[in-house]
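Please read the following report alongside the sequence and the coordinates.

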Amino acid sequence: MTAETSQTLDRGLRVLKLLADTDHGLTVTELSNKLGVNRTVVYRLLATLEQHALVRRDLGGRARVGLGVLRLGRQVHPLVREAALPALRSLAEDIGATAHLTLVDGSDALAVAVVEPTWTDYHVAYRAGFRHPLDRGAAGRAILSARQAAEAGHPGYTLTHGELEAGASGAAAPLVGVSGVEGSVGVVMLADAVPERVGPRVLDAAREVADALR
């Protein structure tokens, strides 16, 4: 902490982060122990966060993240999309295929930004807002591979064919090292197989987007 920061706000944000990392909520005592402050301070923090619907407490007294965070979360996608667009445009024009940024939305992969190439005679129509299960398609599989490789090092790119659309192939690489954002960058094309150079190019684009979001 420095003279320019607020200790109370810092503690409140730490409460939200702790609650976001658990599926079953935390008690006042558990929060008190994790924060290293007394229970009275925790009660005050929770009461303030509850007033803004950022925290809710169930009948058993366990605190959980409240629905108010959804209103804040809705503003994240436009910011992420804006940051990713330059890298996506470059990727789409270079490869001649539809480029996309996909984020995790519950158990689904959700396309939040899509850029189509300007010079091709035809390309796959892929729209922002398109969603699919994480275990289907290159975008979702790349995200799952990042989860599996979290302790083993940086994951590479993922290639698929015909999983979401007959005759279409995809390549995607996960975003790595971006706090609070879980997603991937990829391309989808009408081809029986992804050309050899596409995978490494998608990996570079994912790094560019990750750098823009840090």
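## Basis and confidence

The structure is a predicted model, in which local features need pLDDT of at least 70 and side-chain atom pairs count only at pLDDT 80 or more, whereas totals for chains, interfaces and linings use all residues. Residues are numbered from 1 along each chain as its sequence is written, and side-chain values use heavy atoms, with hydrogens and water left out.

The mean pLDDT (the predictor's confidence in each residue, from 0 to 100) of the protein is 91, and 95% of its residues reach 70 or more. The protein has seven helices and eight strands, where helices (H or I, at least four residues) and strands (E, at least two) are DSSP runs numbered from the N terminus. Among these elements, the lowest mean pLDDT, 76, belongs to helix 4 (residues 68-73), and the highest, 97, to strand 7 (residues 168-174).

## Overall dimensions and surface

Taken along the principal axes, the box filled by the C-alpha atoms is roughly 65 × 40 × 35 Å. Of the 214 residues, 41% count as buried, a class defined as under 20% relative accessible area, with exposed over 50% and partly exposed in between (1.4 Å probe, protein chains only).

The accessible surface comes to about 11,900 Å², of which carbon and sulfur atoms contribute 51%; such areas come from the Shrake-Rupley method with a 1.4 Å probe, and for residues only the protein chains shown count as cover. Among contacts (heavy atoms within 4.5 Å) between residues at least 6 apart in sequence, 48% join residues at least 24 apart.

## Strand 4 and its partners

Strand 4 (residues 108-115) is mostly covered, with six of its eight residues buried. Strand 4 runs antiparallel to strand 3 (residues 98-105), to which seven bridges join it, and two strands are taken to pair if DSSP finds at least two bridges between them. Within this pairing, His100 has Val114 of strand 4 as its bridge partner. The two strands form a hairpin with two residues between them, and Gly106 in the turn has a positive phi of about 65°.

Strand 4 is also joined by three bridges to strand 5 (residues 131-133), again in an antiparallel arrangement, and here the bridge partner of Asp108 is Pro133 in strand 5.

## Gly73 in helix 4

Gly73 is found in helix 4, and it counts as partly exposed because its relative accessibility is 31%. Between Gly73 and Arg89, which are 16 residues apart in sequence, the C-alpha to C-alpha distance is 25 Å.
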